[in-house]
Amino acid sequence: MHILFLTDNFPPEGNAPATRTYEHATEWVKSGHKVTVITTAPNFPEGKVFKGYSNSWYQTEIMNGIEVRRVKTYIAANSGLFRRILDYVSFMLTGSIAALFVKKYDVVVATSPQLFTALAGWIVSSLKRKPFVFELRDIWPASITAVGAMKKSFSIKLLEKLELFLYRQADCIISVTESFVQELVDRGIDGSKIEVVLNGVDLQLYAPQIKNTQLLSKWELEGKFVAGYIGTHGLAHGLLNIIDAAEILKENNDICFLFVGSGASLEQVKHEISKRGLSNVKVMGRQDKGLMPKIWSLCDVSLVHLKDTPLFKSVIPSKIFESMGMGLPIVISMPKGEATEIVTTNRAGVFVNPEQSKELALAILELHQNSEHLSEYSRHSLLAAEQFSRKSQAAKMLDVLSRYQ
């Protein structure tokens, strides 16, 4: 089978959509299938093209057996909605054109969260008369209004109409959570064409390891109990609440907070740390994807954090599975839903009510002081990882795609 996959994020970008697509495609190639990815010059989230790449009209490369075709787009940082939508629309146009020149594919897959990539997938599938599979990573545009990036408006209503159109036009919708299924069915979408393929983790890459001594020294983390937030620093993540928790624990010299990643809230995080004079918080910024297991190794607990917004009950942050692969206890602070149930049912960590900084600080302090609890959560976290191996999830998705070739 030849799979044509449209995504505006792909390695060397290291966010969740890029990682999921790359790891799935790698497994499909290993199984003897051909995968062609249409994507952009890597630039997420700062809106700066990565070293070794250029924002040119057409570039190709082979990445671990995957044929990657990159197209020119209007590049914008992951902040400022109008410029980002220009970015999305430009990829819809250039990506659609590039896809028309790919020969003999069997199925078109396009991934969200933003809808314009999915629209490109529908355009290509319609012109080429191939099945269209919509990989649904987020309920967009509801997530835009949920984080306050836009208010309800005529533009949002238009996006909602486009959203429902794409759901209806898709031959198959692959959701990354169970919760999204009921959401779509309640809005009139045929549930029989919706499949669920959860996120997962590459267990060959993410596995328990001793703390990397070079990084410990570089970031002055020797002898520290490290609570790590690793991932996108976006409007949805409510990261100032973690800063508040760090301020509560600032007198405890043994505990340090580590932020790794980038996004729209990164500068605000840095500003607050400086403003409050917090020496117990380290900010690494975005790091190369190949370094991530070593960076995860620095952590004693993983922080999974989202704002207290009802929409986020249906979200499953992918860092949960990477944390499990590393055997890390998880402190999850977000609205109760599918993600919190995964963590608590598997006894992989503790739940903290969202946006409650004192409760978050106390949970971290308790794990620091109680090595028995820490070890128990660590053990269960690692055991749970087996359920969410990327290899098994990739096979499940491949099985779905094979029905539409």
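Contact here means heavy atoms within 4.5 Å. The model is predicted, so local features need pLDDT of at least 70 and side-chain atom pairs count only at pLDDT 80 or more, while totals for chains, interfaces and linings use all residues. Residues are numbered from 1 along each chain as its sequence is written, and side-chain values use heavy atoms, with hydrogens and water left out.

**View 1. Surroundings of Phe134.** Beyond its neighbours within four places in sequence, Phe134 is in contact with residues including Ala110, Leu115, Tyr167, Cys172 and Ile173. Phe134 is also among the residues with the most contacts inside the largest nonpolar core, which has 78 residues. Such a core is a set of buried Ala, Val, Leu, Ile, Met, Phe, Trp, Tyr and Cys residues joined through side-chain atoms within 4.5 Å. Buried means under 20% relative accessible area, exposed over 50%, and partly exposed in between (1.4 Å probe, protein chains only). Apart from this core lies another, of 28 residues, among them Ala245 and Leu367.

**View 2. Cysteines Cys172 and Cys256.** Cys172 counts as buried because its relative accessible area is 0%; for Cys256, also buried, the value is 3%. The structure holds zero disulfides (pairs of cysteine sulfur atoms within 2.5 Å). The closest cysteine sulfur to that of Cys256 belongs to Cys299 and is 10 Å away, too far for a bond.

**View 3. Phe101 in a nonpolar surface patch.** Phe101 is placed in the loop between α2 (81-100) and β5 (107-111); helices (H or I, at least four residues) and strands (E, at least two) are DSSP runs, numbered from the N terminus. Phe101 counts as exposed because its relative accessibility is 61%.

Conventions
Patch = residues over 30% accessible without salt bridge, like charges linked within 9 Å, V, L, I, M, F, W, Y side chains within 5 Å. Areas by Shrake-Rupley, 256 points an atom, 1.4 Å probe, with all protein chains shown as cover. Salt bridge = Lys/Arg side-chain N within 4 Å of Asp/Glu carboxyl O.
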